[in-house]
Amino acid sequence: MGQFHAYLEKKQLKSTRQRDLIAQKFFSTDGHISIEELLSLSRSENPRIGYATVYRTLKLLTECGLAALRRFGEGQTMYETAGDTEHHDHLICIECQHVLEFQNTDIEQEQERVARSFGFNLVRHRLELYGLCPRARGIKGGWCPSEEADRLGRKAE
C-alpha cells in the first residue's frame with residue numbers, strides 16, 4: 001500500500017478509505033478480477049462504494065505499476081497484480097469466460113526458438129488460448145473451472 005499512497009501523493013490525490021479498501025480487496029485476490037467482481041467484494045464491506053470509484057482506483061493502481069490490465073476475448077477486461085508475479089499464459093473459456101493461468105517450459109522454449117528463427121529477440125510476449133471448458137463442450141459430468149473456483153472461494157471464507 002505504501003507504493004500506492006506515494007503515487008497518490010505524487011499526483012496530489014487524496015488517500016481515501018474507499019480507495020484503500022478497494023486496493024486491499026484487489027491485493028487479497030488471486031488471479032484475475034473484473035471491475036464488477038471487485039465492486040462486489042468492496043461493497044460487501046462498504047455498500048456505498050460505486051462502480052466509478054472502483055474503476056478509477058484500478059486505473060490508478062495500473063498507472064503506478066501495481067496492477068496489470070488484461071483484455072481477453074471480446075471486451076472481457078480483467079486485472080491482476082503486476083510486478084512480482086511470474087510469467088504465465090492463459091486458457092480462456094469462450095462460454096463461461098473463466099481464465100486459467102498456466103506455465104509450460106516447453107511452450108516458452110518453442111516461442112524463443114521461433115522468434116530466433118526469424119531473427120527476433122523477444123522482449124515480452126503473451127499467449128492466450130481460447131476454447132471451451134469441459135462443461136461448455138457438453139461432456140457428461142464435465143466440470144466448469146469458474147464453478148470450481150467459486151466453490152473453493154466459498155470454502156476459504
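This is a predicted model: local features need pLDDT of at least 70, side-chain atom pairs count only at pLDDT 80 or more; totals for chains, interfaces and linings use all residues.
**Entry 1, helix 3.** I began with helix 3, residues 35–43, and asked which of its residues are buried. I found I35, L38, L39 and S42 on that list. Looking down the axis of helix 3, I noted that these buried residues fall within an arc of 105 degrees, so they line one face of the helix. I then looked up what covers them, and the cover includes helix 2 (17–27), helix 4 (51–63) and strand 2 (76–81).

I recorded D20 as buried yet without a salt bridge, and the nearest side chain of opposite charge, that of R19, is 7.8 Å away. A salt bridge would need a side-chain nitrogen of Lys or Arg within 4 Å of a carboxyl oxygen. What I did find for the side chain of D20 is a polar contact of 2.8 Å with the side chain of H5. Leaving aside residues up to four places away in sequence, I listed M1, H5 and S15 as the residues that D20 touches.

I took helix 5, residues 105–117, from end to end: its 13 residues reach 18 Å from the first C-alpha to the last, close to the 18 Å expected at 1.5 Å a residue. At the N-terminal end of helix 5 I noted N104 as the cap, with a side-chain oxygen 2.9 Å from the backbone nitrogen of D106. Just after helix 5, I noted that G119 takes a positive phi of about 80 degrees.

Terms used:
Residues are numbered from 1 along each chain as its sequence is written. Side-chain values use heavy atoms; hydrogens and water are left out. Buried means under 20% relative accessible area, exposed over 50%, partly exposed in between (1.4 Å probe, protein chains only). Helices (H or I, at least four residues) and strands (E, at least two) are DSSP runs, numbered from the N terminus. The arc is that of the directions from the helix axis to the C-beta atoms. Contact means heavy atoms within 4.5 Å. The expected span of a helix is 1.5 Å times one less than its number of residues. A polar contact is a pair of N or O atoms within 3.5 Å; within protein, one must be able to donate a hydrogen and the other to accept it, and residues adjacent in sequence count only if both atoms are side-chain atoms. Lys and Arg count as positive and Asp and Glu as negative; His and the chain ends are not counted.
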